[in-house]
Amino acid sequence: QVQVVESGGGLVQAGGSLRLSCAASGNIFFIGDMGWYRQAPGKQRELVAVITIGGSTKYADSVKGRFTISRDNAKNTVYLQMNSLKPEDTAVYYCNADIFVTTHNHNYYWGQGTQVTVSS
């Protein structure tokens with residue numbers, strides 16, 4: 001069994017910061033890409049940031065320069081440091097991980113989501 005669990009959401013004022021964490025556990029051989037997505041009320045889920053196993057990163061234009069994604073491969077954990085938060089960042093944030101249980105057998109796993117609310 002594989003589990004992906006997010007933590008670190010909450011309520012913050014505009015201009016503030018939050019750090020999200022996402023830890024994978026279970027029968028894991030290694031983890032490929034890890035990413036953060038978000039879904040605001042009435043909107044589709046969108047990619048926020050993704051990081052490869054080698055550390056290459058990609059960001060949505062709306063968060064470039066404000067958010068930083070990182071990972072600790074030894075801990076099977078990915079982080080999202082969010083600075084200069086804006087009310088439009090308010091959403092449920094989801095972690096996604098491409099988890100290999102053997103060399104060739106892998107699936108994409110989602111966490112349960114964590115609420116981030118930015119007040120103006």
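## A pair of facing residues

Thr-68 stands opposite Gln-81, a residue of strand E8. Strands here are DSSP runs marked E of at least two residues, numbered from the N terminus. Strand E8 covers residues 77–82 and pairs with E7 in the antiparallel sense over six bridges; two strands pair if DSSP finds at least two bridges between them.

## Basis of the model

This is a predicted model, in which local features need pLDDT of at least 70 and side-chain atom pairs count only at pLDDT 80 or more, while totals for chains, interfaces and linings use all residues. Residues are numbered from 1 along each chain as its sequence is written, and side-chain values use heavy atoms, with hydrogens and water left out.

## The open sheet

Four strands, in the order E1-E3-E8-E7, form an open sheet with antiparallel pairing. Strand E1 (2–7) and strand E7 (67–72) have a single partner strand each and stand at the edges, so one side of each lacks a neighbour in the sheet.

## The disulfide

The whole structure holds one disulfide, defined as a pair of cysteine sulfur atoms within 2.5 Å. Cys-22 and Cys-95 are joined by this bond, with an S to S distance of 2.1 Å. The bond links distant parts of the chain, 73 residues apart: Cys-22 lies in strand E3 (residues 18–26) and Cys-95 in strand E9 (residues 91–100). The link of Cys-22 and Cys-95 is left-handed, with -75° about the S-S bond.

Both Cys-22 and Cys-95 are buried, a term that means under 20% relative accessible area, with a 1.4 Å probe and protein chains only.

Technical notes. Buried < 20%, exposed > 50% of the residue type's maximum accessible area, 1.4 Å probe, protein only.
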